[in-house]
Amino acid sequence: EPSDQRAARLDNRASAASQINTFNNVLAILVLIIGLGTLIAGIVGISNIMIFIVKERTKEIGIRKALGARPSSIQAIILIESVLITSVSGYVGLVLGIGILEAYGPSLDKYFIKDPSVSTSLVAMATFALIVAGFIAAYVPAKRASRIKPIIALRDE
């Protein structure tokens, strides 16, 4: 009986732990969805940049093709440039994030956040994701660039 002063009270924390685990799982899924949305938006942005770069360099691509460049070498130039852009941008963001974490990490102690850090495996997965995103973003513009006819490109102003 709850009003009995002589009774021994037992508290089962299994249901509370289950609720906390459910909340953490839902939060992880939400963060994953937001992250994927951000990555897709980034891919679209980089793809638009690469389309613009191909359009601006049409004459250069035409000259390369007129001198005998293969379509695969034209594609490689665009793909490498895109992967380089995404990698450099990603690493700048990563370094900034780690810098902020190092600067403000100790002050998070009062919110019961102990030793915030970034794991090496997470950095490796982020690097892989950046390379894949850069490749995906440049695939269509690189294909278009490799199909440019040299004579049309040299006439283009």
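Modeller: Helix α1 gives the lining of the largest pocket its largest share, eight residues. Before we go on, this is a predicted model, where local features need pLDDT of at least 70, side-chain atom pairs count only at pLDDT 80 or more, and totals for chains, interfaces and linings use all residues. Residues are numbered from 1 along each chain as its sequence is written, and side-chain values use heavy atoms, with hydrogens and water left out.

Biologist: What makes a space a pocket and not a cavity?

Modeller: On a 1 Å grid over the protein atoms alone, a cavity is a set of points where a 1.4 Å probe fits but cannot get out, while a pocket is an open set with protein on both sides within 12 Å along at least five of seven lines. Lining residues have an atom within 4 Å of a point. The largest pocket holds about 360 Å³ of space, a volume filled by probe spheres set on the points, which are joined across faces, edges and corners. Its lining has 13 residues, and Gly35, Thr38, Leu39, Leu130 and Ala133 are the closest to its centre.

Biologist: Which helices each supply at least two residues of that lining?

Modeller: They are α1 (14-56), α3 (71-104) and α4 (120-146). A helix here is a DSSP run of H or I with at least four residues, a strand is a run of E with at least two, and both are numbered from the N terminus.

Biologist: How many lining residues fall in each class, nonpolar, polar and charged?

Modeller: There are eight nonpolar, five polar and no charged residues. Ala, Val, Leu, Ile, Met, Phe, Trp, Tyr, Cys and Pro count as nonpolar, Asp, Glu, Lys and Arg as charged, and the others, Gly among them, as polar.

Biologist: Why does Tyr104 count as exposed?

Modeller: Buried means under 20% relative accessible area, exposed over 50%, and partly exposed in between (1.4 Å probe, protein chains only). Tyr104, in helix α3, has 53% relative accessibility, so it counts as exposed.

Biologist: And what makes Lys55 exposed?

Modeller: Lys55, in helix α1, has a relative accessible area of 62%, so it is exposed too.

Biologist: How do you know where Ile77 belongs on that scale?

Modeller: Ile77 sits in helix α3, and its relative accessible area is 26%, so it is partly exposed. Leaving aside neighbours within four places in sequence, Ile77 is in contact (heavy atoms within 4.5 Å) with Arg57 and Arg64.

Biologist: What share of the 157 residues counts as buried?

Modeller: That share is 19%.
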